[in-house]
Amino acid sequence: MLINCVAYQDGKRLGEIRPEEIHEYLARPGCFVWVAVLERDPAVLEQMRVQFGLHPLAVEDAQHGHQRPKIEDYGDSLFVVLHLLEPDSDGLRVGEVDVFAGPNYILTIRSHAEQGFQSVRARCEAEPELLRLGPAYVLYALVDAVVDRYFPLLDALETELESIEDRIFAGGSPRENVEALYGLKQKLGVFRHAVAPLLEAVNNLYGARTPRICAGMQDHFRDVSDHLQRLNQTIESIRDTIATAIAVNLSMISLQENETMKRLAAYGALVAVPTLIAGIYGMNFTNMPELGWKYGYLVTMGIMVAVDIYLFYKLRRAKWL
Amino acid sequence: MLINCVAYQDGKRLGEIRPEEIHEYLARPGCFVWVAVLERDPAVLEQMRVQFGLHPLAVEDAQHGHQRPKIEDYGDSLFVVLHLLEPDSDGLRVGEVDVFAGPNYILTIRSHAEQGFQSVRARCEAEPELLRLGPAYVLYALVDAVVDRYFPLLDALETELESIEDRIFAGGSPRENVEALYGLKQKLGVFRHAVAPLLEAVNNLYGARTPRICAGMQDHFRDVSDHLQRLNQTIESIRDTIATAIAVNLSMISLQENETMKRLAAYGALVAVPTLIAGIYGMNFTNMPELGWKYGYLVTMGIMVAVDIYLFYKLRRAKWL
Amino acid sequence: MLINCVAYQDGKRLGEIRPEEIHEYLARPGCFVWVAVLERDPAVLEQMRVQFGLHPLAVEDAQHGHQRPKIEDYGDSLFVVLHLLEPDSDGLRVGEVDVFAGPNYILTIRSHAEQGFQSVRARCEAEPELLRLGPAYVLYALVDAVVDRYFPLLDALETELESIEDRIFAGGSPRENVEALYGLKQKLGVFRHAVAPLLEAVNNLYGARTPRICAGMQDHFRDVSDHLQRLNQTIESIRDTIATAIAVNLSMISLQENETMKRLAAYGALVAVPTLIAGIYGMNFTNMPELGWKYGYLVTMGIMVAVDIYLFYKLRRAKWL
Amino acid sequence: MLINCVAYQDGKRLGEIRPEEIHEYLARPGCFVWVAVLERDPAVLEQMRVQFGLHPLAVEDAQHGHQRPKIEDYGDSLFVVLHLLEPDSDGLRVGEVDVFAGPNYILTIRSHAEQGFQSVRARCEAEPELLRLGPAYVLYALVDAVVDRYFPLLDALETELESIEDRIFAGGSPRENVEALYGLKQKLGVFRHAVAPLLEAVNNLYGARTPRICAGMQDHFRDVSDHLQRLNQTIESIRDTIATAIAVNLSMISLQENETMKRLAAYGALVAVPTLIAGIYGMNFTNMPELGWKYGYLVTMGIMVAVDIYLFYKLRRAKWL
Amino acid sequence: MLINCVAYQDGKRLGEIRPEEIHEYLARPGCFVWVAVLERDPAVLEQMRVQFGLHPLAVEDAQHGHQRPKIEDYGDSLFVVLHLLEPDSDGLRVGEVDVFAGPNYILTIRSHAEQGFQSVRARCEAEPELLRLGPAYVLYALVDAVVDRYFPLLDALETELESIEDRIFAGGSPRENVEALYGLKQKLGVFRHAVAPLLEAVNNLYGARTPRICAGMQDHFRDVSDHLQRLNQTIESIRDTIATAIAVNLSMISLQENETMKRLAAYGALVAVPTLIAGIYGMNFTNMPELGWKYGYLVTMGIMVAVDIYLFYKLRRAKWL
């Protein structure tokens with residue numbers, strides 16, 4: 001089944017309920033309902049809109065999907081959009097989870113994502129005294145879980161960058177390096193689109209303009225903001241390093257060109273000098289005593305070889321070959 | 001006809017009216033007038049200035065056109081400038097729509113644009129309970145429609161960028177790539193001039209300093225602002241990618257130069273080595289036994305060919321050819 | 001004469017007065033004096049300082065000239081510095097106009113500029129009901145006139161940039177292109193120094209911290225600010241485009257190098273291949289039947305030409321020639 | 001032992017105490033406890049959490065480590081994270097010290113660092129009148145000590161940059177230069193991650209929003225902030241210089257390529273010209289009087305050598321060789 | 001002597017006093033003391049600390065020196081650090097002057113600088129009515145003097161930049177150009193470190209948060225701030241131009257490479273074509289009528305020369321030579 005509704009009373013799990021029963025539980029004091037929709041579906045969304053009295057603009061956003069991460073304050077409820085990132089064959093796949101948090105309910109709608117939030121539910125249910133704080137705590141736990149999942153992915157990007165750096169200086173193919181750097185930059189862009197707007201949004205969940213329903217959770221949201229700032233700082237730092245690495249790679253290409261040119265010239269010299277010698281003994285002067293010598297030919301060939309061997313070692317020592 | 005005046009009463013359409021009758025309808029309580037001028041015209045603008053009592057500075061701006069997108073608050077009325085973007089044979093054409101929104105009227109003046117706002121009118125008339133909110137709702141619907149039309153155009157730019165990226169790495173002509181990137185950047189500039197100032201302006205339509213006539217529409221304008229932020233983020237991201245792509249393309253040019261150089265050298269070797277051999281057998285030594293051999297010539301030619309074949313395979317394996 | 005003093009009463013011109021009479025008119029209620037000094041002169045400035053009681057620091061600035069554009073609020077008076085830009089043989093010449101605006105006087109001091117403000121005076125005198133607003137309106141008219149004169153100059157820079165762009169892609173001399181881009185950037189810098197500080201300053205003439213004497217003119221100064229923002233945006237956009245154009249031009253230089261290299265190699269091949277053939281028939285083998293053929297020489301020459309023609313077409317098709 | 005607990009009364013050292021006794025001393029008025037944990041350890045941390053009543057989120061951060069530098073205000077206590085930098089075989093090693101500062105205690109937890117804070121303790125104990133100010137003073141002394149240790153490290157980076165600069169202009173290996181610049185940039189990144197967030201955080205320890213426990217130490221923390229700003233400015237300046245140096249190094253690579261090309265061409269000329277002369281005297285014209293001259297061969301060889309000597313000096317003077 | 005103490009009463013100079021007498025004069029109403037320490041000295045500094053009751057942190061900063069420019073407000077006194085710039089054999093030397101300004105004293109401590117402030121003292125003493133304003137006016141006069149001395153130095157940098165620009169486009173040595181640009185950038189960095197923090201600091205001496213002792217001098221400090229802004233703008237503009245100039249210089253290097261390549265190829269052609277002709281007549285065909293002609297050799301040589309002359313003019317016209 002695609003919907004998972006659970007009611008909680010004073011921090012304790014009452015059990016799963018049917019979607020049609022939601023409004024009954026909402027009416028009970030000290031009770032809140034946590035609904036997880038596993039895949040976006042217009043019909044379900046409409047049912048939820050009615051049950052919880054969601055704001056039409058927020059519902060519209062949830063229906064369309066492809067929102068930027070944000071936290072919108074509708075007075076007595078919050079609408080939160082989070083990006084779920086999953087490594088893909090060629091880059092990062094972006095999933096989305098939309099969260100509606102009201103005074104006595106929490107509704108999550110997932111799409112294009114395989115990651116679930118069972119672990120979040122387990123963590124919350126394991127701490128009844130915190131769960132008693134209600135939807136704000138669940139919201140915190142959700143956002144925290146999403147943000148925590150970003151760290152290993154970003155670490156992977158850092159590792160990838162380091163391996164490209166190694167290749168740049170170890171003489172790897174500059175074409176592959178530049179392609180890899182470009183690809184990394186694209187992935188980093190996806191990351192930045194997930195983190196930067198969320199950081200901005202979470203910064204409004206503590207401090208002077210805290211929304212009503214997050215009142216008691218300010219320290220927790222500051223902690224999330226701190227994690228996001230760390231991510232953001234790392235992203236900026238990778239970004240900066242990629243730009244430098246592209247410039248450095250260009251320098252490497254020029255250096256390589258330089259070396260190619262020298263090698264070409266060295267090989268050219270190994271052919272040109274014997275050609276000159278051969279040209280000399282191809283001259284038609286009547287009086288060229290060497291031409292009459294018995295071993296003139298052999299000696300000349302020997303000289304050619306000797307000159308080339310000499311040049312070869314000379315050029316090798318000068319690192320042209 | 002170039003003017004289209006319609007009066008509305010309590011969210012319902014009363015029907016088209018003549019421009020001269022406008023002031024009569026403005027006097028009726030609960031009634032508002034929606035005038036659409038299809039092409040800027042000084043005479044019409046003057047008539048409207050008198051009928052609605054528009055601010056002279058705003059009228060002057062509307063007369064000159066070529067304004068940057070903005071929203072100006074004149075206390076009891078707003079003057080809004082929006083850019084309409086339309087794909088053109090070589091880039092993006094910029095049209096303009098100027099909107100005057102007062103407590104009981106909305107006036108739109110279009111210029112250099114083919115897009116109409118019939119769909120907006122239809123949408124508004126289909127939702128009488130929202131239309132009852134008056135000009136503020138119509139203003140929202142207009143801005144929202146303009147902004148929504150930006151998305152497919154920006155998607156097209158993204159697609160164009162991706163196809164250039166593919167060409168860069170697939171070895172397309174670097175000259176064409178750099179030209180395409182430059183052209184894309186120009187188009188993006190047009191886009192940025194449409195979006196960035198509008199975002200800044202819309203941000204003043206909700207929050208602490210909301211103009212009086214937008215009072216009830218704050219959530220809606222925040223939604224528009226959110227769309228504009230999404231556009232803006234995408235624009236910045238494309239901008240950044242174009243800069244990187246130009247740098248990467250330069251790397252590709254250098255790499256190509258490198259490869260050209262190697263190919264040239266390889267072909268040069270295929271000519272230079274046989275030339276050396278020919279030079280050797282052109283020497284005039286008396287005692288060069290090979291010269292007297294019956295098949296000396298053929299064997300020498302054979303050696304030349306063999307050496308070239310050997311070199312060819314060697315060079316091909318080294319990716320120089 | 002270098003000074004031009006005119007007194008106005010209730011928006012109407014009373015006529016020219018002598019500098020010595022200024023204080024008499026300043027004493028009359030509803031009267032204000034507009035003094036235009038056509039070329040900076042210490043003696044005149046000292047006279048004005050006494051007549052109007054100007055602030056010593058402002059007078060010092062006006063005496064030295066070469067100020068950055070600014071608007072300084074001295075409580076009951078404003079000191080305004082504006083840059084006048086005039087196209088020059090090699091760039092833009094920067095003139096300056098300093099304006100002192102008090103409750104009942106306006107004093108303008110021009111230097112290094114040929115542009116006059118007769119048109120501003122004419123415009124003001126043509127609208128008595130606005131002129132009645134006093135020095136604030138005249139100040140607005142002056143600033144507005146200066147700013148309006150920036151537009152055609154900036155348009156000229158844009159046109160210049162476009163023509164350079166065309167040359168870059170049409171294969172114009174990269175050396176001239178880079179020189180032209182550099183020159184354009186210099187001119188743009190002059191422009192930016194005129195516009196950016198003025199924008200910042202004008203933004204303080206409306207909104208929360210409006211100086212007393214500009215109280216009734218806020219909408220007008222917002223309009224000027226809007227024009228300045230448009231200029232500023234265009235300047236930033238040109239700046240950005242120049243940077244990209246320089247990068248693109250560098251790519252073009254590299255591409256051209258690439259093409260030069262190919263052409264060189266192609267011409268080299270047209271010489272090297274016949275040289276090889278000649279070398280072959282220069283060999284001294286006893287048994288080279290072709291050497292004895294009657295038309296051997298001719299045929300060989302024909303082969304050389306044929307090979308070159310073949311290579312020529314091959315290379316041309318590969319765009320190396 | 002890994003824990004070091006000392007109690008102080010009115011600025012005087014009472015002596016070391018056992019961790020179990022901490023709460024007794026905390027209860028005494030005018031007494032504060034300074035605990036230094038020398039290496040992070042979950043069990044010890046849990047004990048401290050209980051003894052001092054630390055905030056769970058702060059404890060969690062201290063347990064995980066790898067935080068960004070920050071100062072978190074928990075009302076009656078502060079949680080401070082500082083980075084300790086130590087030069088390493090290949091770069092900078094990042095250690096961490098976490099500080100909990102409450103009204104009557106200070107707790108420091110070190111990890112991955114060899115630097116101790118004995119000198120800080122000694123300095124504090126030497127100034128009883130300042131130590132009487134309590135934990136706020138100790139916190140200042142700790143932060144100040146950490147920041148002061150950054151200066152010599154940053155000086156070392158500056159010296160390294162200068163030596164690279166010298167190598168760039170003195171014709172050092174561009175490959176090594178670019179590698180060194182890249183490595184320097186990496187180290188600078190580590191530095192920036194230590195300094196920038198700390199600066200931001202320390203700026204909240206004086207001025208309007210000073211935390212309660214730092215109330216009397218504002219001038220001191222402003223002084224620390226000033227040092228951090230100096231560091232930050234130097235970091236930004238090095239960063240900027242590195243970027244320029246990479247660009248300059250690329251120019252040097254291109255120049256070197258240019259010179260290589262000239263040298264190659266010069267050597268080529270020294271071979272090509274004699275080859276041409278040899279070719280001429282290899283022609284088979286019947287009537288070539290020189291061929292019959294007695295010293296024709298020697299003279300020709302002499303001419304070849306003479307031409308090469310002439311070319312050599314000519315090319316050397318033109319700096320091609 | 002290294003200390004220069006002068007007492008002033010109601011804006012008039014009372015005469016030099018001995019350092020030991022300072023506290024006597026401080027006690028007199030309407031009297032203030034101006035002490036100039038010509039070279040930093042710990043003993044003198046300690047004496048001054050006692051006499052004026054200076055803040056220990058400020059004294060510590062003054063003792064260490066090498067501070068960034070700043071203005072620190074200690075309630076009833078200000079501590080000001082200014083950089084003195086002096087052109088040096090290779091760059092700019094940075095001196096420092098530290099100023100302590102209290103309600104009735106001003107203390108300046110110079111170090112590493114040859115510039116004195118006699119002219120400031122003379123200017124102040126020449127205007128008793130301003131000097132009566134006390135230490136605030138002297139502080140202004142000092143800061144103003146320091147800032148005014150920046151202008152000619154910055155003008156010199158601008159002139160230097162212009163001469164480099166000329167050399168870039170006039171074909172000067174790119175290696176020297178890039179070195180000169182780099183050196184200029186270094187000097188500009190020193191300048192920026194002197195100006196930018198001072199601007200920030202001076203901006204706090206007028207407006208809402210003016211320190212008590214500067215209360216009556218706001219217009220004057222705004223004037224200084226304006227000068228600093230002008231300097232800052234010029235610095236940013238030079239910085240920007242240097243970056244562009246480095247990029248342009250790289251383009252010039254590439255262009256030069258291009259031209260070198262063409263010249264090489266041109267010279268190569270002048271040798272290769274005659275070599276081919278010589279090769280042709282070196283062929284051993286029996287039937288080559290030209291070989292038997294009486295003037296065959298001469299004609300051939302003539303053809304070689306003619307071809308080269310033709311090529312030479314052709315290549316020169318194509319600007320390859």
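Analyst: Two strands pair if DSSP finds at least two bridges between them. The model discussed here is predicted.

User: In what order do the strands of the open sheet of chain C lie?

Analyst: Strands of a sheet pair through backbone hydrogen bonds, either parallel or antiparallel. In chain C the pairing is mixed, and the open sheet has seven strands. Their order is 2-1-3-7-6-5-4.

User: Why is one side of strand 2 and of strand 4 of chain C left without a neighbour in the sheet?

Analyst: The open sheet of chain C has the order 2-1-3-7-6-5-4. Strand 2 (12-16) and strand 4 therefore stand at the edges. One side of each is left without a neighbour because each has a single partner strand.

User: What is the average twist from one strand to the next in the sheet of chain C?

Analyst: The sheet in question is the open one of seven strands in chain C. From one strand to the next, its twist averages 20°.

User: What angle does helix 2 of chain C make with strand 7 of chain C?

Analyst: Helix 2 (residues 42-52) of chain C packs on the sheet. It touches strand 1, strand 3 and strand 7 (105-111) of chain C. The direction of helix 2 and that of strand 7 make an angle of about 165°.

User: Which strands of chain C does helix 7 lie across?

Analyst: Helix 7 of chain C runs at about 155° to strand 5 of chain C. The strands it lies across are strand 4, strand 5 (78-88) and strand 6 (91-102) of chain C.

User: How many residues does each chain give to the contact between chain C and chain E?

Analyst: Contact here means heavy atoms within 4.5 Å. Between chain C and chain E, the area buried is about 4,300 Å², with 58% given by carbon and sulfur atoms. In chain C, the residues that lose the most area to chain E are Arg68(C), Tyr182(C) and Tyr297(C), together 18% of what that side buries. The contact takes 49 residues from chain C and 46 residues from chain E.

User: How far apart are the closest N and O atoms of the salt bridge between Arg239(C) and Asp240(E)?

Analyst: Chain C and chain E have five salt bridges between them. The pair Arg239(C) and Asp240(E) forms a salt bridge. Its closest N and O atoms are 2.9 Å apart.

User: Which element gives the largest share of the side of chain C that touches chain E?

Analyst: Between chain C and chain E, 19 residue pairs are in polar contact. Elements giving two or more residues to the side of chain C include helix 3 (56-64), helix 7 (174-202) and helix 8 (218-281) of chain C. By class, that side has 22 nonpolar, 13 polar and 14 charged residues. The largest share, 16 residues, comes from helix 8 of chain C.

User: How far apart are the closest C-alpha atoms of chain A and chain E?

Analyst: No contact joins chain A and chain E. Chain B and chain E also have no contact, with closest C-alpha atoms 9 Å apart. For chain A and chain E, the closest C-alpha atoms lie 9 Å apart.

User: What area is buried between chain A and chain B?

Analyst: Here 49 residues of chain A are in contact with 46 residues of chain B. Carbon and sulfur atoms give 59% of the buried area. The area buried is about 4,300 Å².

User: Which residue of chain A meets Asp240(B) in a salt bridge?

Analyst: Five salt bridges are found across the interface of chain A and chain B. In one, the N to O distance is 2.9 Å, and the side chain of Asp240(B) meets that of Arg239(A).

How values were computed
Residues numbered from 1 in each chain as written. Chains lettered and ligands numbered in written order. Predicted model: local features only at pLDDT ≥ 70, side-chain atom pairs only at ≥ 80, totals over all residues. Heavy atoms only, no water. Buried area = accessible area lost by both parts, 1.4 Å probe. Salt bridge = Lys/Arg side-chain N within 4 Å of Asp/Glu carboxyl O. Polar contact = N/O pair within 3.5 Å; in protein donor to acceptor, adjacent residues only side chain to side chain. Helix = DSSP H or I, 4+ residues; strand = E, 2+ residues; numbered from the N terminus. Nonpolar A, V, L, I, M, F, W, Y, C, P; charged D, E, K, R; others polar. Axes fitted to C-alpha atoms, helices over the stretch in contact; angles between N-to-C directions.
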